[in-house]
Amino acid sequence: LTVGTVYALQRLRKKEIYCISPQRVNLCGKVKLVCFDKTGTLTEDGMNMYGIVEATNQKLTDVIKDPSTLNADSSLLMAMATCHSLTLINGQVAGDPLDVKMFTSTGWTLNEPGEETSRFDKLMPATVTCPTLGGKMELGIAKQFTFASDLQRMSVLVRPVSHDDPKHMTVFVKGAPEKIIQLCQPETLPSDFHVVLEGLTQRGLRVIA
C-alpha cells in the first residue's frame, strides 16, 4: 500500500498536483466529482420566495411567482399575511426569516399599536392591511398559537377589523404539508397533491402548506 501511494504521488507531481497528506491519496481515488462553491456565486445567505401553488376545485394550480397578484379576498393570501409571529422593530418587519419572506411577498402592511416598549402589554391585536384596497381590507390577529416543533405547525385567530360581529373569527394554519393534510378531510385534498409536493421537494425547495 505504501509503495502504491508513493507511485501515485509521483504521477500527481508530474501533473503539478502536490499532496500534503499522502494518506488521503487512497480516498481521493474514489472521488468522481468535486464541486467548489463560495457564498454569493452558486449560493447565498438567506432564502427567497419561489412562488405559491393554490388549490382550486380540488386541483393545484401552476406556480404563481408573485403572491401579491392574488385577489385580496384570497384565503391563501390572507393566511400568508396573518399566520406568522412577526413584529416591528424600528419600523422594520422582524422575525423568522421564512415568515419575513412570506409576509413581504404579499405586499401587505403590518401594524402594531403603541410604542415598542409597551405594545405587548396592550390587548389590542396587531393588524395587517391590504394596500390594493386602499386600507379597506384590515385583519386583526386576535390570538397566536406559535410554532410547535412536535406539531410542526402554527395557527392564528383572525377577524376583520370592520366586521359587525366581533365574534366572527377565522383560523389560519401553516406548517409541514404532511402535518397539514392530517387536519383535512381526505376527499377535499387535490388529487395531484402528493405528486406536486414530491416534485417541489425533489428540487430542493422548502415547502410550507
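Student: What is the strand order of the open sheet, and how do the strands pair?
Tutor: In this predicted model, the open sheet has 5 strands in the order S5-S6-S7-S8-S9, and the pairing is antiparallel.

Student: Which strands stand at the edges?
Tutor: Strand S5 (109-111) and strand S9 (170-175) do; each has a single partner strand, so one side of each is left without a neighbour in the sheet. From one strand to the next, the twist averages 30°.

Student: How many bridges join S6 to S7?
Tutor: Strand S6 (residues 126-129) and strand S7 (residues 138-148) run antiparallel and are joined by 4 bridges. Within this pairing, Val-128 has Leu-139 of S7 as its bridge partner, and Thr-127 has Gly-140 of S7.

Student: And on the S5 side, how many bridges are there?
Tutor: S5 and S6 pair over 3 bridges, again in the antiparallel sense. Asn-111 has Thr-127 of S6 as its bridge partner.

Student: Are the side chains of S6 buried or exposed?
Tutor: Both faces of S6 are covered. Ala-126 and Val-128 are buried on one side, and Thr-127 and Thr-129 are buried on the other. In a regular strand the side chains alternate between the two faces of the sheet.

Student: Which strands does helix H3 touch?
Tutor: Helix H3 (residues 75-82) packs on the sheet and touches S6, S7, strand S8 (153-160) and S9. The direction of H3 makes about 75° with that of S9.

Student: And what does H4 touch?
Tutor: Helix H4 (residues 97-104) also packs on the sheet, where H4 touches S5, S6 and S9. The direction of H4 makes about 125° with that of S9.

Student: Staying with H4, is Asp-99 buried or exposed?
Tutor: Asp-99 lies in helix H4. Its relative accessibility is 7%, and residues under 20% are classed as buried, so Asp-99 counts as buried.

Student: Which side chain does Asp-99 join in a polar contact?
Tutor: The side chains of Asp-99 and Lys-174 are joined by a polar contact of 3.0 Å. Leaving aside its neighbours within four places in sequence, Asp-99 is in contact with Cys-83, His-84, Ser-85, Leu-86 and Lys-174.

Student: Changing topic to H6: which of its residues are buried?
Tutor: In helix H6 (residues 193-202), Phe-193, Leu-197 and Leu-200 are buried. Seen down the axis of H6, the buried residues fall within an arc of 65°, so they line one face of the helix. An α-helix has 3.6 residues a turn, so residues three or four places apart point the same way.

Student: What do those buried residues pack against, and which residues are exposed on the other side?
Tutor: The buried residues of H6 pack against strand S2 (59-60) and helix H5 (177-180). On the other side of H6, His-194, Val-195 and Gln-202 are exposed. Just after H6, Gly-204 takes a positive phi of about 85°.

Student: What is the mean pLDDT of the chain?
Tutor: The mean pLDDT of the protein chain is 84, and 87% of its residues reach 70 or more. Among its elements, S9 has the highest mean pLDDT (94) and helix H2 (residues 25-28) the lowest (82).

Student: Where is the pLDDT below 50?
Tutor: The pLDDT is below 50 over residues 116-124. Beyond near neighbours in sequence, this stretch has 13 contacts in the model. Where pLDDT is low, the predicted coordinates should not be read in detail.

Notes
Residues are numbered from 1 along each chain as its sequence is written. This is a predicted model: local features need pLDDT of at least 70, side-chain atom pairs count only at pLDDT 80 or more; totals for chains, interfaces and linings use all residues. Side-chain values use heavy atoms; hydrogens and water are left out. Two strands pair if DSSP finds at least two bridges between them. Helices (H or I, at least four residues) and strands (E, at least two) are DSSP runs, numbered from the N terminus. Axes are lines fitted to C-alpha atoms, for helices over the stretch in contact, and angles run from 0 to 180 degrees between N-to-C directions. Contact means heavy atoms within 4.5 Å. Buried means under 20% relative accessible area, exposed over 50%, partly exposed in between (1.4 Å probe, protein chains only). The arc is that of the directions from the helix axis to the C-beta atoms. A polar contact is a pair of N or O atoms within 3.5 Å; within protein, one must be able to donate a hydrogen and the other to accept it, and residues adjacent in sequence count only if both atoms are side-chain atoms. pLDDT is the predictor's confidence in each residue, from 0 to 100.
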